[in-house]
Structures are given as C-alpha cells and as structure tokens.
Amino acid sequence: MTRTPVTGPLKYLLIAVGCLAVGAATLGVFLPLIPTVPFLLLATFCFSRSSARMQVWLFNNRLLGPYLRNYLERKGLTKRQLISSLLSLWFGMAIAITLAPVVAVKLGLVVIAVAVSIHLIRMKRLLPGEEE
C-alpha cells in the first residue's frame, strides 16, 4: 500500500520535524546518550510523507545513511551502537517513569523499555567498521 504524500501546511510541518530529527540523529552519532536510529526512523517517516527528495538524500547521506540502511535491512548494530541505544533508552525511560503520575503508565513504560531492549539485544552484531 503506497501512501499519498501530504500537501499544504502539513507537508512543511513534516519536513520541519524530519529536519529536526536528522539534527538529533546527527548529534547521536557523536554523543552516546542520544539515540541515532530512532530519530532516523522518524525522519524517514516524515520525509516519506512529505518529500521524496529529502528521503533519497537521507538514505544516501554519507554519515547517516549507513545507520538507517543497516537497521532497515536488518544487517545489525555494532556493540557501541547497542550500548549507546540501551543507555539512552533506559536513561530516557527512567526520567519518564519517574515523572509519570499513574502507576499503570509507569508499568507500561517499563514493558515498552524491556521489549525494545530485547529487540535490540537480539539484533545481529556488526564488527566495528562493518557498518557499511
């Protein structure tokens, strides 16, 4: 099923959110507590609905493209990427769990964090330099 690109103000909002996500992903390449792949997936979603040109640029980007392609093609993560992803996931979840006012929400966040952790841990390991 192919989605129709959006038009009007929503198109520009999606492009803006996609660009912000690319910026956050770029920071994540260099700062271990900021996740890279989730922001790239958000940018991919935004660009897929708003700008085919931006989506092609993202996939072909020298710095970010390999992270995105490795994840989407199920090639795997390096040990450094795994550790960075797990640290940032649990750091962010710890803050969210602490701030959540309802016990059911806290439990839901823990379940989500555990499920995402299991998913990441089960992914294939790449050797450093094997990213692409």
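C19 is partly exposed, with a relative accessible area of 38% (buried is under 20%, exposed over 50%, partly exposed in between, with a 1.4 Å probe and protein chains only). This is a predicted model, where local features need pLDDT of at least 70 and side-chain atom pairs count only at pLDDT 80 or more, while totals for chains, interfaces and linings use all residues. Residues are numbered from 1 along each chain as its sequence is written, and side-chain values use heavy atoms, leaving out hydrogens and water.

**Cysteines**
- The disulfide count is 0, a disulfide being a pair of cysteine sulfur atoms within 2.5 Å.
- For C19, the closest cysteine sulfur is in C46, and at 9.3 Å that's too far for a bond.
- C46, likewise in no disulfide, is buried at 2% relative accessibility.

**S51 between two helices**
- S51 turns up in the loop between helix 2 (37–50) and helix 3 (52–60); helices here are DSSP runs of H or I, at least four residues, numbered from the N terminus.
- With a relative accessible area of 12%, S51 is buried.
- Its side chain reaches the backbone nitrogen of M54 at 3.1 Å.

**The cavity**
- There is 1 cavity of 30 Å³ or more; on a 1 Å grid over the protein atoms alone, a cavity is a set of points where a 1.4 Å probe fits but cannot get out, and lining residues have an atom within 4 Å of a point.
- The largest cavity has a volume of about 120 Å³, which is the space filled by probe spheres set on the grid points, joined across faces, edges and corners.
- Its lining takes in 14 residues, and T36, Y67, Q81, S84 and S85 lie nearest the centre.
- Helix 1 (9–30) and helix 5 (79–99) are the elements giving two or more residues to that lining, and helix 5 has the largest share, with 4 residues.
- By class, the cavity lining has 8 nonpolar, 5 polar and 1 charged residues; Ala, Val, Leu, Ile, Met, Phe, Trp, Tyr, Cys and Pro count as nonpolar, Asp, Glu, Lys and Arg as charged, and the others, Gly among them, as polar.

**The pocket**
- The largest pocket comes out at about 190 Å³; a pocket is an open set with protein on both sides within 12 Å along at least five of seven lines.
- Among the residues lining the largest pocket are P35, Y71, S85 and H119.
- Helix 2, helix 5 and helix 6 (103–122) each supply at least two residues of the pocket lining.
- That lining has 9 nonpolar, 3 polar and no charged residues.

Key
Polar contact = N/O pair within 3.5 Å; in protein donor to acceptor, adjacent residues only side chain to side chain.
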